[in-house]
Amino acid sequence: MTCDAPADSPSGTAWRSYGTDRRSARAVRVRLSAALVTATVLAVLLVPPLAQLDQQAVDLGAKLLPPSWSHPFGTDDLGRDLLLRCVYGLRVSLLVGVAAALTATVIGTAVGATAGALGGWVDRGVMRLVDTFSSVPHLLLGIFIVAMFRPGVWPVVVSVALTHWLSTARITRAEVLSLRSRPYIDAAVSGGASRWRVAVRHLLPAVLPQAALAAVLMVPHAMWHESALSFLGLGLPTHTASLGTLIQSARGSLLAGQWWPTLFPGLFIIVPTLAIAGLAGAWRERINPRRRSELML
């Protein structure tokens with residue numbers, strides 16, 4: 001028969017040290033993610049008005065200049081400052097990501113809460129509809145939706161929102177089904193509360209934290225989706241600076257050996273999305289203590 005090591009034993013000390021290291025690493029990750037998100041927001045809000053430069057200004061005499069003090073990110077094939085273009089592109093991508101994530105979260109929460117609260121044939125019918133939409137690849141369905149509109153920001157928002165509400169609907173439905181078995185829900189129903197009152201007063205407030213987390217996690221996904229559509233030439237007009245259109249227009253420069261028109265827009269996609277995902281992961285651990293304790297093992 002074996003027993004656990006005492007707290008002051010070497011193994012106990014190693015275990016506490018391991019847990020402390022994990023907490024320290026998580027704290028550093030959260031601080032770094034918060035700093036990157038703050039820098040992204042400040043760049044989007046402050047750089048365009050402070051720079052006082054036209055990001056569409058063409059200077060063929062300065063085309064494809066490498067990074068320098070005057071142009072930290074270099075210039076593109078039309079001589080436009082790449083740093084300013086990347087900031088404007090990030091503004092568009094963030095706008096699409098946030099708007100699409102909020103819209104998709106509202107749709108998914110409403111659908112999932114309705115299916116979970118009503119149950120029966122409504123639940124089965126709604127979930128079969130969700131399964132049907134899930135069987136079609138997101139990008140393919142998004143291309144079909146965008147093709148029905150003129151190129152612009154809001155068609156891309158609609159396309160991304162209508163293809164990304166499915167996961168939120170499933171999460172909300174599962175949470176509602178779990179809440180329906182709680183004693184206080186049974187007490188409310190036994191007290192004569194209608195289904196609508198139970199859903200609005202008890203179920204919906206309980207699922208809002210999960211829905212908000214799903215919205216935050218969806219922002220990076222929506223940004224990548226918008227960039228993919230713009231890269232394919234199906235999202236935004238070619239003259240509109242978005243991270244996808246910047247990478248698409250820089251393909252010829254990359255083949256000619258100019259790496260900066262492709263590298264920096266790519267970093268403007270990768271770094272903010274990783275930062276947002278890092279903050280969302282910390283939030284998920286906070287609202288789900290059981291998952292956080294499992295991650296510590």
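Visitor: Leaving aside its neighbours within four places in sequence, which residues is threonine 40 in contact with?

Guide: Threonine 40 is in contact with Leu90, Leu94 and Pro272, where contact means heavy atoms within 4.5 Å. Please keep in mind that this is a predicted model, in which local features need pLDDT of at least 70 and side-chain atom pairs count only at pLDDT 80 or more, while totals for chains, interfaces and linings use all residues. Residues are numbered from 1 along each chain as its sequence is written, and side-chain values use heavy atoms, with hydrogens and water left out.

Visitor: And where does threonine 40 lie, and is it buried or exposed?

Guide: Threonine 40 lies in helix 1, helices being DSSP runs of H or I with at least four residues, numbered from the N terminus. Threonine 40 counts as buried, at 13% relative accessibility; buried is under 20% relative accessible area, exposed over 50% and partly exposed in between, with a 1.4 Å probe and protein chains only.

Visitor: New topic: how many aromatic pairs does the structure hold?

Guide: There are five aromatic pairs, a pair being rings of Phe, Tyr or Trp (its six-membered ring) with centres within 6.5 Å, called stacked if the planes are under 30 degrees apart, edge-to-face if over 60 and tilted for the rest. In one of them, phenylalanine 73 and phenylalanine 264 have ring centres 4.1 Å apart and planes at 5°, so this pair is stacked.

Visitor: Which parts of the chain does that pair link?

Guide: Phenylalanine 73 is in the loop between helix 1 (10-51) and helix 2 (82-118), whereas phenylalanine 264 is in helix 11 (residues 260-287), 191 residues apart. Both phenylalanine 73 and phenylalanine 264 are buried.

Visitor: What about phenylalanine 133 and tryptophan 165, how is that pair arranged?

Guide: Phenylalanine 133 and tryptophan 165 are edge-to-face, at 6.0 Å centre to centre with 65° between the planes. Phenylalanine 133 is partly exposed, with a relative accessible area of 31%, whereas tryptophan 165 is buried at 8%.

Visitor: Which rings are linked into a cluster?

Guide: Ring pairs join Phe73, Trp259, Trp260, Phe264 and Phe268 into a cluster.

Methods. Helices (H or I, at least four residues) and strands (E, at least two) are DSSP runs, numbered from the N terminus.
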